[in-house]
Amino acid sequence: MGECRVTFQPSGRQTTVPPGTDLLTAAIAADVPLYNSCAGEGVCGKCKVILRDGDVASEPTAELTADEER
């Protein structure tokens, strides 16, 4: 299976990661500072991202509003 290219804006920094890699790990690989006070547990809501293109598998979380989930 191929790899996934992830581009972080506004910096334009990119990294290539295996499918299934979480976005926090991709951000670390791209040297993109992403505030994550819960150490990637997904409970603080500080590292919200906007997906502009592509597909991401995710689990429901109380940290996102209904508008943010669209």
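Close-up 1. Alanine 26 counts as buried because its relative accessibility is 1%; buried means under 20% relative accessible area, exposed over 50% and partly exposed in between, with a 1.4 Å probe and protein chains only. The model is predicted: local features need pLDDT of at least 70, side-chain atom pairs count only at pLDDT 80 or more, and totals for chains, interfaces and linings use all residues. Residues are numbered from 1 along each chain as its sequence is written, and side-chain values use heavy atoms, with hydrogens and water left out. Alanine 26 sits in helix α1. Helices (H or I, at least four residues) and strands (E, at least two) are DSSP runs, numbered from the N terminus. Which residues does alanine 26 touch, not counting those up to four places away in sequence? They are Val6, Phe8, Thr15, Val17 and Thr21; contact means heavy atoms within 4.5 Å. Threonine 7 is 19 residues from alanine 26 along the chain, and their C-alpha atoms are separated by 9.3 Å.

**Close-up 2. The largest nonpolar core.** How many residues make up the largest nonpolar core? There are 7 residues in all: Val6, Phe8, Val17, Ala26, Ala27, Ala30 and Val32. β1 and α1 each supply at least two residues of this core. A nonpolar core is a set of buried Ala, Val, Leu, Ile, Met, Phe, Trp, Tyr and Cys residues joined through side-chain atoms within 4.5 Å. In soluble globular proteins, nonpolar side chains tend to be buried together.

Close-up 3. Strand β2 covers residues 13-17 and pairs with β1 in the antiparallel sense over 5 bridges. Two strands pair if DSSP finds at least two bridges between them. Phenylalanine 8 stands opposite arginine 13 in β2. The two strands form a hairpin with 4 residues between them. In the turn, glycine 12 has a positive phi of about 80°.

**Close-up 4. Threonine 15 on strand β2.** Threonine 15 is placed in strand β2. Is threonine 15 buried or exposed? Threonine 15 counts as buried, because its relative accessibility is 12%. Beyond its neighbours within four places in sequence, threonine 15 is in contact with Cys4, Arg5, Val6, Phe8, Ala26, Ala29 and Ala30.

**Close-up 5. Glutamine 9 and proline 10 in the loop.** Glutamine 9 lies in the loop between β1 and β2. Proline 10 is found in the loop between β1 and β2 as well. The peptide bond from glutamine 9 to proline 10 is cis, with omega near 10°. Glutamine 9 counts as exposed, because its relative accessibility is 60%. From glutamine 9 to threonine 61 is 52 residues in sequence and 23 Å in space, C-alpha to C-alpha.

Close-up 6. Aspartate 31 is found in the segment after α1. What is phi of aspartate 31? Phi is near 60°, a positive value in a residue other than glycine. Most residues other than glycine have a negative phi, and most peptide bonds are trans. Aspartate 31 counts as exposed, at 57% relative accessibility. Glycine 54 also lies in the segment after α1. Glycine 54 is partly exposed, with a relative accessible area of 46%. Glycine 54 and cysteine 38 are 16 residues apart in sequence and 26 Å apart in space, C-alpha to C-alpha.

**Close-up 7. The largest pocket.** The largest pocket has a volume of about 2100 Å³. On a 1 Å grid over the protein atoms alone, a pocket is an open set of points with protein on both sides within 12 Å along at least five of seven lines, where a 1.4 Å probe fits; lining residues have an atom within 4 Å of a point. Grid points are joined across faces, edges and corners, and a volume is the space filled by probe spheres set on the points. The lining has 44 residues, of which Leu23, Val49, Ile50, Leu51 and Val56 lie nearest the pocket's centre. Elements giving two or more residues to this lining are β1 (4-8) and α1 (23-29). β1 gives the most, with 5 residues. By class, the lining has 20 nonpolar, 11 polar and 13 charged residues. Ala, Val, Leu, Ile, Met, Phe, Trp, Tyr, Cys and Pro count as nonpolar, Asp, Glu, Lys and Arg as charged, and the others, Gly among them, as polar.
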